[in-house]
Amino acid sequence: MAKEIESPCNSVCQLDGGVCRSCGRTRAEIKAWKGMKRPEKQTTTKTAALRLKKQRKVS
């Protein structure tokens, strides 16, 4: 059985323009997380990491 993907949340929720400055997920992704299947969670995690990387370059 495939290992569960843990939420990238680290309990420092600060939304800026609809994106969490801490985990990189959008408000919609945060709300949908528990109902997502493994492939959706993998995609969301990768996309969130890219958002954070871009966000840190701008800052």
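**Overall dimensions and the setting of T26**

For a protein of 59 residues, a compact globule would have a radius of gyration near 10 Å, and the 12 Å found here agrees with that; the radius is taken over C-alpha atoms, and the globule rule is 2.2 Å times the number of residues to the power 0.38. The model is predicted: local features need pLDDT of at least 70, side-chain atom pairs count only at pLDDT 80 or more, and totals for chains, interfaces and linings use all residues. Residues are numbered from 1 along each chain as its sequence is written, and side-chain values use heavy atoms, with hydrogens and water left out.

Along the principal axes, the C-alpha atoms fill a box of roughly 40 × 20 × 15 Å. The secondary structure comprises 2 helices and 2 strands, arranged along the sequence as β-β-α-α. These elements are DSSP runs, numbered from the N terminus: helices are H or I with at least four residues, and strands are E with at least two.

Of the 59 residues, 24% are buried, that is, under 20% relative accessible area with a 1.4 Å probe, protein chains only. Contacts are defined by heavy atoms within 4.5 Å. Among those between residues at least 6 apart in sequence, 47% join residues at least 24 apart.

Residue T26 lies in the loop between β2 (19-20) and α1 (27-32). When residues up to four places away in sequence are not counted, T26 touches G18, V19 and R51. T26 and V12 are separated by 14 residues in sequence and by 14 Å in space, C-alpha to C-alpha.

Technical notes. Buried < 20%, exposed > 50% of the residue type's maximum accessible area, 1.4 Å probe, protein only.
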